[in-house]
Amino acid sequence: MAKVGLGLDIGTSSIKLLELEGGNPFRINRFGIVPLPEGALAGGVIKNSAAVTEAIQEAYRSQHLKNKRVQVAIAGQAVVVRNIKLPLIEDDAEVANAIYWEAERYIPFPVNEVSLDHIVISRDQQQQEMEVMLVCAHNDIINSHLEVLHRAGLQPVAIDIQPFALMRALGLEKALNNQNIAVMDIGAGTSDLSIFKNGISKFTRILPLGGIRYTENIMKVMGNSFGEAEQLKLELGDATADLTMLAPDSPEYKVNYSIQNTLRELVLELRRSLDYYYLQQRGEEIGKLIVCGGGVKMKNLTTYLQQELDLKVGSSLDAWNIVCSDPIKTEFEIAKPLMLVALGLALREVTD
């Protein structure tokens, strides 16, 4: 009997749920998206557990799901991934002990308030040092997710880190071509930037610009409600709109003037992050930027970023042999940029 994986992505504005059946090809049998009320999450911590629990149960009901085993991901400012150098230690048990005592040098929290994990990336006998990936998450984030899963009657198989789930969904775990690939997940509250090389996370940074910022800036220019501004963003927004060809008092001009101002902020943050990575990695170039998440729905976003950053930009990378059940195939293609984290989580259960 084929394995079945269930990925649950609890985001700032919605939950995403995806069921993946193992095999060759993999098959997406069901997926669902249920919106969350404003403020349900803050900084990665679930603040409104009742609303999130209800959204998960609604997704289960609508997709007629019975499988209670789920993989979930956490994200936010209180989730930290650092690649650090330490003196060479050969014994893995001693590495874990050293990480515990070294951690507070690299994380912004007391070590007794977080959960830690690590993996040794490499050991250099000649330099007598080793590179270790340190991962930590504040216990408030973990506990808030476990509480909701318990209330929803679900069994968490693993709690993953969002950038790692994206890396798996995009096939970057197996991309051993010595190329740096940047991934930007444009969510509602933030845009999360990660850089991967040879299947390893080399850099992560949270950019304080998500889809909500674009909508709020449109509200300021247009003087309308959040819902109306969101609709205008989707209907009229074009990242490459030529403002000189639009009447200054038209809705098209006002919406795109606001969007392009916000995009310039995003590009500035991106350049700073990429420049910092270049400096740390002694000028290593980025081969490609992949953008995903709800923000990808903005018209011509990838074209705009490619022009501004002088970098190859794409919106996905089809690295897996995955098919969709016929009734949901068209719907999933539209939703795919939003579903990558859930897909990466489900892949944990059905791949080695």
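**Figure 1. Overall fold of the predicted model.** The secondary structure of the chain amounts to 9 helices and 16 strands. With a radius of gyration of 21 Å, close to the 20 Å that the globule rule gives for 352 residues, the chain is as compact as a globular protein of that length. The C-alpha trace spans about 70 × 50 × 40 Å along its principal axes. Contacts between residues 24 or more positions apart make up 64% of those in the chain with a separation of 6 or more.

Figure 2. Buried residues account for 49% of the 352 in the chain.

**Figure 3. Buried side of helix α8, residues 301–309.** The buried residues of this helix are Leu301, Tyr304, Leu305 and Leu309. They are placed on the same side of α8 because they cover an arc of only 110 degrees around the axis. An α-helix has 3.6 residues a turn, so residues three or four places apart point the same way. The cover over the buried residues of α8 includes the helix α7 (251–280) and the strands β11 (180–186), β14 (286–292) and β15 (313–314).

**Figure 4. Aspartate 310, the residue that follows α8.** Aspartate 310 is found in the loop between α8 and β15. Its phi is positive, near 55 degrees, in a residue other than glycine. Most residues other than glycine have a negative phi. The relative accessible area of aspartate 310 is 73%, over the 50% cut-off, so the residue is exposed.

**Figure 5. Histidine 64, in the loop between α1 (49–63) and β6 (69–74).** Histidine 64 is not a glycine, yet its phi is positive, at about 55 degrees. Histidine 64 counts as exposed because its relative accessibility is 61%, where exposed means over 50%.

**Figure 6. The cis peptide bond between asparagine 24 and proline 25.** Omega of this bond is about 10 degrees. Most peptide bonds are trans. Proline 25 is found in the loop that lies between β2 (14–21) and β3 (26–35).

Notes: Residues are numbered from 1 along each chain as its sequence is written. This is a predicted model: local features need pLDDT of at least 70, side-chain atom pairs count only at pLDDT 80 or more; totals for chains, interfaces and linings use all residues. Side-chain values use heavy atoms; hydrogens and water are left out. Helices (H or I, at least four residues) and strands (E, at least two) are DSSP runs, numbered from the N terminus. The radius of gyration is taken over C-alpha atoms; the globule rule is 2.2 Å times the number of residues to the power 0.38. Buried means under 20% relative accessible area, exposed over 50%, partly exposed in between (1.4 Å probe, protein chains only). Contact means heavy atoms within 4.5 Å. The arc is that of the directions from the helix axis to the C-beta atoms.
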